[in-house]
Amino acid sequence: MLNVKPHNCYYAALFFSIIYKVMTPNLQEYLTASLKRIEQTSNLTDCQRLFHGRGHAYQGLEHVNLDWFSPVVLITLYQEVEAAWLEKQVADIQKLLPQCQSIQVQYRSRKFAPSEVLWGEAITELRAQEHGLKYHISLGKAQNSGLFLDMGNGRNWVKNNSQGRNVLNLFAYTCAFSVAALAGGAEKVVNIDMSKGALSKGRENHKLNKQDGNKVKYEGVDIFKSYNRLKKHGPYDLLICDPPSFQKGSVNIQRDYKKIIKRLPELMANNSDVVLCLNSPDLSEEFLLAEVARECPQCQYQYRIDNPRVFVEAETGKGLKVLYFRYVELCEKAVVN
Ligand SMILES: C[S@@+](CC[C@H](N)C(=O)[O-])C[C@H]1O[C@@H](n2cnc3c(N)ncnc32)[C@H](O)[C@@H]1O
């Protein structure tokens with residue numbers, strides 16, 4: 001995006017801002033359409049993506065996402081933009097979403113992804129509901145809010161498939177899957193994440209939903225160094241594994257996913273469910289299927305859990321992939337005399 005400072009050269013700024021206005025696609029149109037769709041299905045929930053530019057389906061707006069964390073609209077920018085453009089979005093959002101009380105922006109292209117309140121109240125903490133469950137949301141502190149909106153269907157799937165089960169939640173973060181599993185009747189959920197801070201948010205999320213704390217375990221350890229801790233509470237009837245694609249000094253999922261997949265026979269009960277997630281634009285569903293076929297053929301692929309509809313992608317397979325497998329122990333070959 002062009003970023004010419006008007007005070008440096010007035011005429012250049014004027015010229016570029018005219019070109020910019022002519023060339024920049026109109027986010028308001030897309031947002032209006034998105035809100036209309038939401039309105040038609042009476043589906044404006046407490047938290048959802050309103051516009052997903054990162055899917056590259058809206059040319060010229062690949063650097064913009066808009067999220068609704070009631071009553072806040074969060075604009076996430078992956079590239080610098082003109083101040084005038086941002087001002088226009090603020091005015092449009094106010095008109096389109098009168099229930100909005102705060103418009104904030106997060107600059108992902110800047111160091112430490114700083115945030116700013118563009119209009120309204122400086123709301124930094126709120127509680128959002130999704131599928132009848134509540135989650136703590138933090139804005140303006142860390143890069144992520146505490147709830148990944150693209151995983152909404154995954155959480156609902158877990159809620160619908162947890163009755164009476166012993167669940168292992170790897171890379172648990174703020175334990176949103178654990179909240180969903182307990183709501184779905186899980187007997188026990190074991191949450192593993194090396195961030196103790198994230199797990200303590202998870203504890204708060206369970207409290208917020210008045211869930212039985214005795215059914216939840218938290219292990220603040222490095223998954224790749226603590227397989228015995230993972231095994232301690234097993235065997236599991238349901239495993240959810242949602243790793244980052246890359247975290248310095250910790251995970252490179254292209255290299256490391258197989259390390260987890262090959263351990264599944266030590267962790268899983270026979271006839272159990274395995275949900276493996278992959279969130280790298282550079283690694284396809286086929287990559288994950290091939291890793292599983294090679295490292296753990298006991299996992300039989302069932303289907304992909306789709307992302308919420310708003311997460312439109314120009315090229316399928318670039319966004320989040322959530323794959324469901326059934327773990328079935330292979331029969332010993334009959335010994336023929
Ligand atoms: C993408 S988030 C997981 C999102 C989560 N599953 C959810 O549904 O909200 C990635 C998490 O992986 C954790 N993590 C990264 N490397 C890890 C490791 N080696 N062992 C344990 N946790 C790790 C991070 O602390 C972070 O909380």
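The questions and answers below concern the model shown.

Visitor: How far is the chain at pLDDT of at least 70, and what is the average?

Guide: This is a predicted model, in which local features need pLDDT of at least 70 and side-chain atom pairs count only at pLDDT 80 or more, while totals for chains, interfaces and linings use all residues. Residues are numbered from 1 along each chain as its sequence is written. The pLDDT is the predictor's confidence in each residue, from 0 to 100. At least 70 is reached by 88% of the residues, and the protein chain averages a pLDDT of 90.

Visitor: Over which residues does pLDDT stay under 50, with 13 contacts beyond four places in sequence?

Guide: Two residues are in contact if their C-beta atoms, placed from the backbone, lie within 7 Å. The stretch with those 13 contacts is residues 1-7. Another stretch with pLDDT below 50, with nine contacts beyond near neighbours in sequence, is residues 12-23.

Visitor: Which residues come nearest to the ligand?

Guide: A residue is near a molecule or strand if its C-beta atom, placed from the backbone, lies within 6 Å of it. Of the 21 residues around the ligand, those that come nearest are Phe171, Tyr173, Met194, Ser195 and Asp242.

Visitor: What is the order of the strands in the open sheet of seven?

Guide: Strands (E, at least two residues) and helices (H or I, at least four) are DSSP runs, numbered from the N terminus. Two strands pair if DSSP finds at least two bridges between them. The pairing in this sheet is mixed, and the order is β10-β9-β8-β11-β14-β16-β15.

Visitor: Why is one side of β10 and of β15 left without a neighbour in the sheet?

Guide: Strands of a sheet pair through backbone hydrogen bonds, either parallel or antiparallel. Here β10 (216-219) and β15 (299-304) each have a single partner strand, so one side of each has no neighbour in the sheet, because both stand at the edges.

Visitor: In β11, which residue is the bridge partner of Asn169?

Guide: Strand β8 (residues 166-170) pairs with strand β11 (residues 236-241) in the parallel sense, over four bridges. In β11, the partner of Asn169 is Ile240.

Visitor: Which residue takes a positive phi in the hairpin of β6 and β7?

Guide: Strand β6 (residues 125-130) and β7 pair in the antiparallel sense over six bridges. Arg127 has His136 of β7 as its bridge partner. Two residues lie between the strands of the hairpin, and the one with a positive phi near 45° is His131.
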